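I set down each item as I looked it up.

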Amino acid sequence: MSIAQDLYPSEDDLLYEEELLRNPYSLKLWWRYLIVRSEAPFKKRFVIYERALKALPGSYKLWHAYLRERLDLVRNLPVTHSQYDTLNNTFERALVTMHKMPRIWIMYLQTLTNQKLVTRTRRTFDRALCALPVTQHDRIWEPYLVFVSQKGIPIETSLRVYRRYLKYDPSHIEDFIEFLLNSSLWQEASDRLASVLNDDQFYSIKGKTKHRLWLELCDLLTRHANEVSGLNVDAIIRGGIRKFTDEVGRLWTSLAEYYIRRGLHEKARDVFEEGMSTVITVRDFSVIFDSYSQFEESMLAYKMQEMGLSDEEDDEGEENGFEDVEEEDIRFRGRLAEEDFERKILHRFWLNDKNDIDLRLARFDYLMERRPELANSVLLRQNPHNVEQWHRRVKLFEGNPTKQILTYTEAVRTIDPMKAVGKPHTLWVAFAKLYEQHKDIANARVIFDKAVQVNYKTVDNLASVWCEWGLKWS
């Protein structure tokens, strides 16, 4: 094979060639030669590089400069160009002696990633991890994770790489969880997130608190209730409610949403009711009540739409003889499906009546009517010794003496006069006046008799009770 004439040394190169003949293993001479010929065509510099590396195959400086120039040469070429094969071969030759140099590996891995050579890139990453010491693995793992996070990489490959990485550095579990969420792997994401929350020594490198991670887990479990299994969602969310006092309303709604997505609507209603009866802040109550009312409203709207669509089917069923079931023994007709059998046998049976719109509407109206009472209960849970709130609660039941009497009874039993906010004797007086308004003087006297025996905080309260009693029946 003939060599082009322009690749031979020129007269200006004779000085450097003579010095290299005398000392071919001098890096300084080869480097000076390359600097002087920096403006020469790459083909000529290519010959000089190859000769220098043949004499000094262990020179990191020569290999790095040579590879950099080859990378610049293919920078604007398509990845299918033959120059890339030459570049890859050059990297492979360099790694024979430079396999302990992480920078050479990174350059090679980056160019393979750009070429979209998935299998070759993955194997080269593994070779780099095997060749380099553990103290330098972090420089390889960073581009490795970027590579497996790209589109087009098989999901199983990415999972295996991430699991291996967590064995090297478990502190980056949050990156793995984020990858699982982006890949719609809800089951493993929830398992990993739950394990993080159970680890008392876990420290978030992203600055996330345990409370925030708990909320993320609750959102994951509720939004993908049918895709996640193996976790006791009810116990997890209730544990968060007991542990974290902030966002309690959101956690209750998350638990209810979980049951809604599982189709357990009655269980969801129980959760809503339990949440409203336990929260102690108006903000949490508003969150639960708004979610509860939206749920009931949507269920009512869905049922009305469903019944509207099924009216025509019922009319057709009656024309086909659904009312004359006794004319034929349909139990032995093999061509009828089980659903048809149940539909004909139980037609117009009240337990099988799916038209429960009135029930759903009554349930929704009852919920809206109870809002003032439920809100008042929240304020009383904050401070059960608030006299004014007990008076407001009695007013809510105006027109219902039985409820008012029960409320007064609960109020005077609950309030501690030494801790009362307001004047506790007013409750006793109002209680007695309620009996008086209903012409029950005997019970009114009983109430006053009990009122004067209470150990009030001030004498003025006791005096007021005596005055009221004396003015009424002096």
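**Entry 1: a pair of helices.** How are α4 and α6 oriented to each other? I note that I am working with a predicted model. I looked up the axes of α4 and α6, which come within 11 Å and cross at roughly 15°. Angles under 35 degrees count as roughly parallel, and α4 and α6 are therefore roughly parallel to each other. I also recorded that their crossing is left-handed.

**Entry 2: the contact.** I then listed the residues that make this contact. From α4 they are Tyr 60, His 64, Leu 67, Arg 68 and Leu 71. From α6 they are Arg 103, Ile 104, Met 107 and Thr 111. Sorted by class, the contact of α4 with α6 has five nonpolar, two polar and two charged residues.

Entry 3: Which elements give two or more residues to its lining? I found α4 (60-73), α5 (82-98) and α6 (102-114). The largest share, five residues, comes from α6.

**Entry 4: the lining.** I wrote out the residues that line the second largest pocket: Arg 68, Leu 71, Val 74, Arg 75, Tyr 84, Leu 87, Arg 103, Met 107, Gln 110, Thr 111 and Asn 114.

**Entry 5: cross-check.** I compared the two lists. Arg 68, Leu 71, Arg 103, Met 107 and Thr 111 belong to the contact of α4 with α6 and are also among the residues lining the second largest pocket.

Notes: Residues numbered from 1 in each chain as written. Predicted model: local features only at pLDDT ≥ 70, side-chain atom pairs only at ≥ 80, totals over all residues. Heavy atoms only, no water. 1 Å grid on protein atoms, 1.4 Å probe; cavity = no way out; pocket = protein on both sides within 12 Å on 5 of 7 lines; lining within 4 Å. Helix = DSSP H or I, 4+ residues; strand = E, 2+ residues; numbered from the N terminus. Axes fitted to C-alpha atoms, helices over the stretch in contact; angles between N-to-C directions. Parallel < 35°, antiparallel > 145°, perpendicular 65-115°, else oblique. Left-handed = near helix turned anticlockwise from the far one by under 90°. Contact = heavy atoms within 4.5 Å. Nonpolar A, V, L, I, M, F, W, Y, C, P; charged D, E, K, R; others polar.
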